[in-house]
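Could we go through them slowly, as a conversation?

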Amino acid sequence: MNDVVNNPPSWLGVMGGGQLGRMFAQAAQSMGYQVAVLEPAADCPAGQVAQRLVNAGYSDANGLDELARQCVAVTTEFENVPADSLSRLAQSVFVAPNAHGVSVAQDRIAEKRFFVGCAPKSGVMPAPHKVIAALEDIDAISDDLLPGILKTVRMGYDGKGQVRVKSRDDVRNAFEAMGQVTCLLEKMLPLAYEVSVLTARGADGESVVYPIAENVHRDGILFTTTVPGPNVSAQCAKAAQDAATAIVAELGYVGVLCIEFFVLTDGTLVVNEMAPRPHNSGHYTIDACATSQFAQQVRAMARLPLGDVRQHSPAVMLNILGDVWFEDGSDTPRTPAWDKVLGLPGACLHLYGKDDPRRGRKMGHITFIAATLDDAQRQLNAACAILGIPA
Ligand code: ATP
Ligand code: MG
């Protein structure tokens with residue numbers, strides 16, 4: 001394993017071939033690096049742009065060894081990458097983030113335990129919760145946790161693997177419906193709004209923290225990210241950024257880490273979960289910040305100095321789901337009017353090269369940058385009208 005700076009044109013590797021891997025590859029390549037992607041699917045967003053696609057399963061020893069041989073450093077673009085695979089890679093190549101950070105973020109129990117342990121330093125607690133590993137655990141839950149949300153401990157994303165529950169019977173039914181896999185019951189909190197904080201830490205222990213982002217979800221999927229957040233007070237922003245800085249240091253993490261928080265109606269900040277990679281809510285950084293979250297990941301893994309996180313324009317990011325390919329009621333996809341969207345001032349379109357639009361599938365995003373947040377929001381509304389997205 002090397003512990004020196006890796007200047008371009010050396011090879012950087014990424015586990016996973018999705019859109020995050022694609023945008024990572026594009027950022028790395030624009031800095032002169034060469035990129036190898038390990039991904040089992042033959043056609044994938046990152047594979048379309050990388051110089052090399054290692055077509056192998058995420059646990060395939062030969063594939064992992066090939067990636068390690070080719071690259072000076074390896075990162076991951078999805079959080080469910082097997083931690084064992086990262087450990088195997090780490091025997092011969094620098095891996096950031098490492099298996100420890102990823103395995104904490106992969107497991108809601110480990111993640112909550114970590115957040116609780118970190119609270120004296122971060123100043124924030126997670127939602128009250130209890131592990132439900134067997135039906136008997138349901139009898140022992142305190143009434144105070146209801147109504148709540150039952151979440152699978154592993155593999156949840158975009159609101160999948162979670163059920164809202166009002167009573168003990170609901171918990172029982174939901175637990176059985178999920179096949180009695182280990183779950184976490186979380187108290188349902190009164191959210192005023194949701195924010196995320198993107199941070200990055202280098203191997204030298206230096207870290208940076210991006211401006212706080214305000215997120216709106218629809219049907220469990222991120223809908224928009226607005227920065228600066230219209231509801232976020234300076235005090236809340238500072239508390240969340242300080243918490244993120246403490247969390248990334250406590251985890252001994254190297255790379256980009258995104259931490260999601262809830263802000264409750266009484267103003268309390270609650271830490272929800274973290275993603276050990278660039279995050280959908282950080283896409284705005286590509287067009288609105290001096291250093292994008294993907295360029296930052298390149299810098300962290302190549303042991304370069306971390307980049308300037310300064311935001312130069314107010315920004316609103318809109319996720320583009322497959323739904324916009326379908327006119328109301330139609331089953332036949334048609335190309336959305338990108339030409340009209342691109343006629344809007346400050347519209348930055350990013351499509352991920354997926355040729356099979358499906359409802360609910362993330363196909364791309366648009367970031368609107370403008371001199372003022374009001375202007376950016378006006379362009380967002382105009383784009384929604386063009387694309388048939390309900391305002
Ligand atoms: P993703 O990976 O897409 O961020 P996820 O499926 O991992 O999502 P969470 O982020 O934990 O799951 O929850 C999804 C959404 O459900 C949150 O953004 C929030 O709106 C709501 N939610 C989750 N937990 C709570 C809670 N304890 N109280 C109130 N609302 C919650
Ligand atoms: Mg979430």
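Predicted model: local features only at pLDDT ≥ 70, side-chain atom pairs only at ≥ 80, totals over all residues.

Q: Where are the domains of the protein chain, and how far apart do the C-alpha centres of domain 1 and domain 2 lie?
A: The protein chain is divided into domain 1, which covers 11-95, domain 2, which covers 128-187, and domain 3, which covers 191-387. Between the C-alpha centres of domain 1 and domain 2 there is a distance of 35 Å.

Q: How should I read a sheet, and in what order do the five strands of the open parallel sheet stand?
A: Strands of a sheet pair through backbone hydrogen bonds, and the pairing is either parallel or antiparallel. Here five strands form an open sheet with parallel pairing, and their order is S3-S2-S1-S4-S5. The edges are taken by strand S3 (52-54) and strand S5 (94-95), each of which has a single partner strand, so one side of each is left without a neighbour in the sheet.

Q: How many bridges pair strand S4 with S5, and which helix packs on this sheet?
A: Strand S4, residues 73-76, pairs with S5 over two bridges in the parallel sense, and Val 74 stands opposite Val 95 in S5. Helix H10, made of residues 293-301, packs on the sheet and touches S1, S4 and S5, while its direction makes about 140° with that of S4.

Q: Which strands form the open antiparallel sheet, and in what order?
A: This open sheet has four strands in the order S6-S9-S7-S8, with antiparallel pairing. Strand S6 (129-132) and strand S8 (162-165) are at its edges with a single partner strand each, and therefore one side of each is left without a neighbour in the sheet. Direction ignored, neighbouring strands of this sheet are turned by 25° against each other on average.

Q: What joins strand S7 to strand S9, and which helices lie against these strands?
A: Strand S7 (residues 148-152) and strand S9 (residues 183-187) run antiparallel and are joined by five bridges, with Leu 150 opposite Leu 185 in S9. Helix H7, residues 168-177, packs on the sheet, where it touches S6, S7, S8 and S9, and its direction makes about 165° with that of S8. Helix H5, residues 108-122, lies across S6, S7, S8 and S9 and runs at about 45° to S9.

Q: Where are the cis peptide bonds, and which residue has a positive phi although it is not a glycine?
A: One cis peptide bond joins Pro 8 and Pro 9, with omega about 10°, and Pro 9 belongs to the segment before strand S1 (11-15). The peptide bond from Leu 146 to Pro 147 is also cis, with omega near -10°, and Pro 147 sits in the loop between helix H6 (135-139) and S7. The positive phi, about 50°, belongs to Asp 219, whose place is in the loop between strand S12 (213-218) and S13.

Q: Which elements supply the lining of the second largest pocket, and how do its residues divide?
A: Strand S13 (221-227), strand S16 (315-321) and helix H12 (373-387) each supply at least two residues of this lining, and S13 gives the most, with three residues. By kind, the lining residues of the second largest pocket divide into twelve nonpolar, four polar and seven charged.

Notes. Residues numbered from 1 in each chain as written. Chains lettered and ligands numbered in written order. Heavy atoms only, no water. Nonpolar A, V, L, I, M, F, W, Y, C, P; charged D, E, K, R; others polar. Domains from an automatic or database assignment. Pairing = 2+ DSSP bridges. Axes fitted to C-alpha atoms, helices over the stretch in contact; angles between N-to-C directions. Contact = heavy atoms within 4.5 Å.
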